[in-house]
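Please read them with the sequence and the structure open.

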Amino acid sequence: MQTPEEYEITERVNALVKGLKKRRGYTKKDISQKLGIGLSTFNDYLNGVSSFKLGTLIKFAALCKLTLPDILDDTLEAKKLYSEDLADRANAGKNTLDFLALAFFLPAILSVKYMLITTCLSFITLIFLSGKNINNRYLSGLMLVHFCVELLILYPIKLVVFPHVNGFEGNTIAFGIQFILFVLLIYFVRFRIVISLRMTKAKDPKVLQLNCIDAPLIVLLFGYAVLNLGAFIENLIRNLEHLGIEEDYARQFWKLTYIYDNFEAFNLILTFMTVIVLYIGIKIQKRQDRQSVMFQSQKSI
C-alpha cells in the first residue's frame, strides 16, 4: 500500500495520464509499454496497490516532457498537462483572460454548454429589442440560429462520437465544425441584403438599408473563424505523431497549447463584444427612426 505522500503523487500521475489520453491519444497500455512495465503493474501503481519505482516516475516525467520535481512538487508546468477539454475548463479564472471572461459571463464560464445557453438567451432578448426593424431582427436572429445549431451539433457528437475517439481526433472534429459554422455565418451576414430580398420577395424596401454594424460584426465573426482555425492548426501541430511524424521530433510541440488553454476565454470575449455591437446597432437604428419621424412631422407642418 502507498503512504499518504505517495498517494498524493499517484493522484497527480493519474491526472497526467488522463491529460496524455486527451492530448496525445495514449491509452494506459501505450503508456505502460513506453515505461517498460506491464499494464497490470501500471494499474496497480495508479490504483494505489503498490508504489511507483523511482525509475518509472523518471521515465513517466520524460514522457510528459516534464522533470521529476515537476510531478513531486505539482508545479505549474505539470498542471498545464492535466486533463481538460472544451466543455470543462479546470483552471478557469487562473489567468487574466479567464478573469475577464468571468466578469463578462459568470454562468457561461462553467462550461461551453452554459455559455451557449446564455448566448442564446441574449440573442432572443436582442430580437425582441429589435422591434419591427427587419435588419436588426435578421442579424440577431441569424446569430441565435447559429448558436442553436452549434449546440445541437456539438453536444450529440460529444456524447456519441467523443467517447470512441482520442483527444486529438475529438478536438479536430470540434474545432473543424465550429470553423465551418462561422464561415457560413460570415457568408449569411455578408450577403444579408440579397438573402433578405429573397426572403421578403423584394416587397420590403427596408431590407435595402445599410446597417452601421454590418462591418464590425463581420470583423468579429472573422475573429471567431480565425480563433477556431488557429485552435485547429495548433491541435495538428501539437499532435504531429498522429500524422506520422517521429515522436522524438513531435514531442517538442506538445506544450503548444496557448489557444487551447485560452479558447473559452477568447470565445467569451468575442461573444460579449458581438452582443454589445448588436445592441448598439439596435439603439442607433431606433434613434435614426425617431429622427426620421420627427423630420417627416416637421416637413408636413
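1. I173 is partly exposed, at a relative accessible area of 30%. Here buried means under 20% relative accessible area, exposed means over 50%, and partly exposed is in between (1.4 Å probe, protein chains only). I173 belongs to helix α10. Leaving out residues up to four places away in sequence, I173 touches I157, V161 and F162; a contact means heavy atoms within 4.5 Å. From I173 to L154 the C-alpha to C-alpha distance is 9.1 Å, and the two are 19 residues apart in sequence.

2. On the source: this is a predicted model, in which local features need pLDDT of at least 70 and side-chain atom pairs count only at pLDDT 80 or more, while totals for chains, interfaces and linings use all residues. Residues are numbered from 1 along each chain as its sequence is written, and side-chain values use heavy atoms, with hydrogens and water left out.

3. The secondary structure of the chain amounts to 14 helices and zero strands. Both are DSSP runs numbered from the N terminus: helices are H or I with at least four residues, strands are E with at least two. Of the 301 residues in the chain, 45% are buried. Among contacts with a separation of 6 or more, 70% are between residues 24 or more positions apart. The chain exposes about 16,100 Å², and carbon and sulfur atoms supply 66% of that. Accessible areas come from the Shrake-Rupley method with a 1.4 Å probe; for residues, only the protein chains shown count as cover.

4. How many aromatic pairs does the structure hold? There are ten. Rings of Phe, Tyr and Trp (its six-membered ring) pair if their centres lie within 6.5 Å; planes under 30 degrees apart count as stacked, over 60 as edge-to-face, and the rest as tilted. F147 and F182 make an edge-to-face pair, with 6.5 Å centre to centre and 80° between the planes. This pair ties together parts 35 residues apart in sequence, because F147 lies in helix α9 (residues 134-160) and F182 in helix α10 (residues 167-190). Both F147 and F182 are buried. Ring pairs also join F123, F147, F182 and Y224 into a cluster.

5. Two arginines have the charged end over a ring. R190 sits over the ring of F191, 5.3 Å from its centre, and R238 sits over the ring of Y260, 4.8 Å from its centre. The criterion is NZ of Lys or CZ of Arg within 6 Å of the ring centre and within 35 degrees of the ring normal.

6. A search of the whole structure finds zero disulfides, a disulfide being a pair of cysteine sulfur atoms within 2.5 Å.

7. Which residues are buried in helix α2 (residues 28-35)? I31, S32 and L35 are. They cover an arc of only 100° around the axis, so they lie on the same side of α2. The arc is that of the directions from the helix axis to the C-beta atoms. An α-helix has 3.6 residues a turn, so residues three or four places apart point the same way. After α2 comes G36, with a positive phi near 75°.

8. K65 also has a positive phi, near 60°, and is a residue other than glycine. K65 is placed in the loop between α4 (54-63) and α5 (68-73). With a relative accessible area of 32%, K65 is partly exposed.
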